[in-house]
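Here are some short notes for a colleague opening this model for the first time. Please keep the structure in view while reading.

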Amino acid sequence: MILKANEKIVFAGDSVTDDGRARPVGEGLWNSLGNGFVHMVDAMLTVDFPDLLIRCVNMGIGGNTSSDLLARWDADVTALSPDWVVLCIGFNDVWRQFDSPAQPDFGVSPERYRSNLNAMADKTNAKMIWMTPYYLETNRDDPMRKRMDEYGKICKEEAAKRNIPCIDLQAAFAEILKHRYPAYVSWDRVHPGWTGSLIIARALMEELKK
């Protein structure tokens with residue numbers, strides 16, 4: 001386990017992270033951590049390592065691009081003084097290019113995405129773990145899957161340059177997609193639901209247990 005007792009993890013991202021978390025700060029009792037992978041990770045840490053008293057805080061905001069997250073980084077991440085930051089962003093950077101093609105400024109270019117990731121890392125004194133965006137489509141030639149793979153590759157490249165652990169979530173979903181149609185896991189191929197959230201949570205826990 002790479003975490004130490006009483007450490008705080010801030011989860012930063014978009015709706016995949018958010019998943020109905022409490023406002024203004026997603027932590028505390030009941031469903032304050034949301035209904036997705038952050039809540040599951042908190043439960044797993046409590047069950048497997050009850051003595052460590054790890055504090056999890058969900059600061060995801062649905063609809064955020066990496067540019068949106070960067071703009072609120074100081075207030076929503078740095079100000080919380082985390083020991084760890086788990087970053088999962090990029091879905092909307094790509095998605096807006098497809099669902100809002102007439103508004104090119106809604107999306108985030110690959111170059112800007114790369115720059116945003118590095119800007120967030122530069123602002124962070126805490127240890128970080130990055131997770132790539134994904135698109136639950138098995139046809140790699142599908143335009144949105146192809147584009148998301150490009151952003152996932154950027155995420156892994158920049159993390160490697162900084163020696164930041166990076167979890168390939170597209171790869172984490174590969175096994176289930178051999179047996180289940182993508183819409184079984186996620187109706188829109190992005191929002192993970194309980195099954196997808198568990199896959200993400202397990203992948204993160206594998207990294208934390210190294």
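This is a predicted model: local features need pLDDT of at least 70, side-chain atom pairs count only at pLDDT 80 or more; totals for chains, interfaces and linings use all residues.

1. Length of α7. Helix α7 covers residues 143–161, which makes 19 residues. At 1.5 Å a residue, α7 should span 27 Å. Its end C-alpha atoms are 28 Å apart, so the two values agree.

2. The ends of α7. Asp142 caps the N-terminal end of α7. A side-chain oxygen of Asp142 lies 3.1 Å from the backbone nitrogen of Met144. Just after α7, Asn163 takes a positive phi of about 60 degrees.

3. The buried side of α7. Which residues of α7 are buried? They are Met144, Arg145, Met148, Tyr151, Gly152, Ile154, Cys155, Glu158 and Ala159. These buried residues pack against helices α5 (91–99), α6 (110–122) and α8 (169–172), and against strands β4 (127–131) and β5 (166–167).

4. α5 against α7. The two helices pack at an angle of about 150 degrees, and their axes are 10 Å apart. Angles over 145 degrees count as roughly antiparallel, so α5 is roughly antiparallel to α7. The crossing of α5 and α7 is right-handed. On α5, the contact is made by Phe91, Asp93, Val94, Trp95, Gln97 and Phe98. On α7, Pro143, Met144, Arg147, Met148 and Tyr151 take part.

5. Met44. This residue sits in helix α2 (residues 37–48). Met44 and Met205 are 161 residues apart along the chain, yet their C-alpha atoms are separated by 7.9 Å. Beyond its neighbours within four places in sequence, Met44 is in contact with Phe49, Leu198, Ala201, Arg202 and Met205.

Key. Residues are numbered from 1 along each chain as its sequence is written. Side-chain values use heavy atoms; hydrogens and water are left out. Helices (H or I, at least four residues) and strands (E, at least two) are DSSP runs, numbered from the N terminus. The expected span of a helix is 1.5 Å times one less than its number of residues. Buried means under 20% relative accessible area, exposed over 50%, partly exposed in between (1.4 Å probe, protein chains only). Contact means heavy atoms within 4.5 Å. A polar contact is a pair of N or O atoms within 3.5 Å; within protein, one must be able to donate a hydrogen and the other to accept it, and residues adjacent in sequence count only if both atoms are side-chain atoms. Axes are lines fitted to C-alpha atoms, for helices over the stretch in contact, and angles run from 0 to 180 degrees between N-to-C directions. Angles under 35 degrees count as roughly parallel, over 145 as roughly antiparallel, 65 to 115 as roughly perpendicular and the rest as oblique. A crossing is left-handed if the near helix is turned anticlockwise from the far one by less than a right angle, and right-handed if clockwise.
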